[in-house]
Amino acid sequence: MPVADWVEKMTEWFTATFAGVFSFLQTIGQAIMSGITNLLLVIPAPLFILLFTVVAFFISKKRLGLALFTLIGLSFIYNQGLWADLMNTVTLVLLSSVVSIVIGVPLGILMAKSSKAQSVIKPILDFMQTMPGFVYLIPAVAFFGIGMVPGVFASVIFALPPTVRFTNLGIRQVPKELVEASDSFGSTSWQKLFKLELPLAKGTIMAGINQTTMLSLSMVVIASMIGAPGLGRGVLSALQRAQVGNGFVNGVALVILAIIIDRFTQHLNQPTHKKGIERIKQKNKKHQRIFVGAVIVVILVAAGLGSLSSSKETKKINLSYVEWDTEVASTNVVAEVLKGMGYDVTITPLDNSIMWESVSKGESDGMISAWLPKTHGSQYAQYKDQVEDLGANLMGAKVGLAVPNYMNIHSIEELSDQAGKKIIGIEPGAGVVTAAENTIKQYDNLKDWTVETSSSGAMTVALGQAIKKQDSIVVTGWTPHWMFAKYKLKYLADPKKTMGHAEEIHTVVRKGLKEEQSEAYKVLDKFHWSEKDMEQVMLEINNGKDPQHAAQDWIKENQKTVNSWKE
């Protein structure tokens, strides 16, 4: 059964049929999310921390524990320069949680009131909860492109089930005697729901909301793979580049946020003392109106800020790239040059295939990361009619299988049982990995070998550890790359040329960029540098320098080259 083909065709049908709807939701959603983030960033970080600490103090019934943790935790995040990332993460979690609650609570009520509805919805929830979160990224990108909107879409699907299940459970656990008493006094269905069942089920429903919020937060890192900004992007970048320190700091920031959100929702779910129930009930209606009004005002202000910011940003460029060391270096250099020309530049790390798709759809303005003709050959064949290839920005790149110099082999044909019969690769789907898998098939001596996929960072860590122990290791290599400057490595001869010939790194932009952003187009078109230039920036980054600062330093030292790109 061609299930994969059916799903593919169904997705294509949805994308084509509802393209206008998805585009509208993407535009409105992005405006609201940008507005909320901008609104949060308008508040000075120290004032925000102080206000949140005061709220934590009162919400925890004037206990110091949560207030001190909030103060110290948020101050740590601010100190580490992650405040903007934190606000983006808060926006993502907030919106995905709100959407999940708005959808989940009514669905839970429907399940509680109808056994037939429960029998239909329950298997769907089982499917949603057991399906790996990564799978939701595929339709999210197909429908909404890249950014925070598809991140929210994927998060909602993943985080929705607990709210639905707990709402259903809470209402079904209401004692039958109380329900019968309500019926005997002539209560309508709505009166029974809002004055009996929902108040008694509040504790259970809030527990479901707590779980939904935590699941939304757990999707932050996964959502960053499709361009969602925030703390997850820092974790993903550190993973792909094997930066333990940066990964730890971003991870701790996520833990701090998770604990604060969890404690806040738990304190909101604590039972109220009986003597205060009547007094609080009298204030509830007034408070609810104020809260609803405040939410509406915030959404309108956020949407206004989002649309205002987007209308002002006429000189705005979005560059996408793969988290490979070569592309981190080149993309940051070009971004800093454009910033110096007055452009508002956003650089978005994406998975390889999503990067090409984003440029073809116009969601990204361009990339400086196209390895041709071999590594990205399949993507180029698929999207070449939808993008503009500006030619090579670096010549003489090479891809192959690399080993340390101390290994006494010189050709792929000489491999037998070295390195545990494993080739350490990078991300699944990368061109160099595909080439390595093809190499195993083409060489008879590699029939028992496998390609172990990981990330470029994990591969270099494994290489470094093997070299320290003088162990044998075979990796997917490419130049330019800092590992060839740091370690003594050699390429294995490839008589059958299965790893490809010499490569070039090309600049590829979206259609229409030349007419809309002529100055930026000129820089991207003229951008060209050497292996030595790229390796200089890569080595600085690998030694711990921030990519942005490494790019700025290179630009200062090479003003003549940079000026030639602008002429």
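This note goes through the domains, the nonpolar cores, the cavity and a few single residues of the structure.

1. Basis. The model is predicted, with local features taken only where pLDDT is at least 70 and side-chain atom pairs only at pLDDT 80 or more, whereas totals for chains, interfaces and linings use all residues. Residues are numbered from 1 along each chain as its sequence is written, and side-chain values rest on heavy atoms, with hydrogens and water left out.

2. Domains. The protein is divided into domain 1 (15-271) and domain 2 (317-566), with bounds that come from an automatic or database domain assignment. The centres of domain 1 and domain 2, taken over C-alpha atoms, are separated by 36 Å. Across the boundary, 15 residues of domain 1 are in contact with 21 residues of domain 2, contact being defined as heavy atoms within 4.5 Å.

3. Cores. A nonpolar core is a set of buried Ala, Val, Leu, Ile, Met, Phe, Trp, Tyr and Cys residues joined through side-chain atoms within 4.5 Å, and buried means under 20% relative accessible area, as found with a 1.4 Å probe on protein chains only. The largest such core has 105 residues, and L338, W529 and W565 are those with the most contacts inside it. Its largest share, 8 residues, is given by strand β4 (residues 387-404); strands (E, at least two residues) and helices (H or I, at least four) are DSSP runs numbered from the N terminus. Because domain 1 (15-271) and domain 2 (317-566) both give residues to this core, it lies between them. A second, separate core of 40 residues includes L40, V220, A228 and I261.

4. Surroundings of L338. Leaving aside neighbours within four places in sequence, L338 is in contact with I317, L319, Y343, V345, A520 and V523.

5. Cavity. A cavity is a set of points, on a 1 Å grid over the protein atoms alone, where a 1.4 Å probe fits but cannot get out, and its lining residues have an atom within 4 Å of a point. With grid points joined across faces, edges and corners, and volume taken as the space filled by probe spheres set on the points, a search of the whole structure finds 1 cavity of 30 Å³ or more. The largest cavity has a volume of about 40 Å³ and is lined by W324, W371, T375, V399, V432 and W478.

6. V432, one of the lining residues of the largest cavity, is placed in helix α18 (residues 431-442) and counts as buried at 3% relative accessibility. Apart from neighbours within four places in sequence, V432 is in contact with T375, V399, I426, T476, G477 and M499. T326, in helix α15 (residues 325-340), is buried with a relative accessible area of 0%, and T326 touches W371, W478, P480, M534 and M538, not counting residues up to four places away in sequence.

7. Helix α7. Helix α7 (residues 137-144) is mostly covered, with 6 of its 8 residues buried, namely L137, A140, V141, A142, F143 and F144. These buried residues pack against α1 (3-17), α2 (19-42), α8 (148-172), α11 (220-223) and α16 (352-360). Just after α7, G145 takes a positive phi of about 80°.

8. Loop residue M341. M341 is placed in the loop between α15 and β2 (344-349). Leaving aside neighbours within four places in sequence, M341 is in contact with K315, E519, V523 and K566.

How values were computed
On a 1 Å grid over the protein atoms alone, a cavity is a set of points where a 1.4 Å probe fits but cannot get out, and a pocket is an open set with protein on both sides within 12 Å along at least five of seven lines; lining residues have an atom within 4 Å of a point. Buried means under 20% relative accessible area, exposed over 50%, partly exposed in between (1.4 Å probe, protein chains only).
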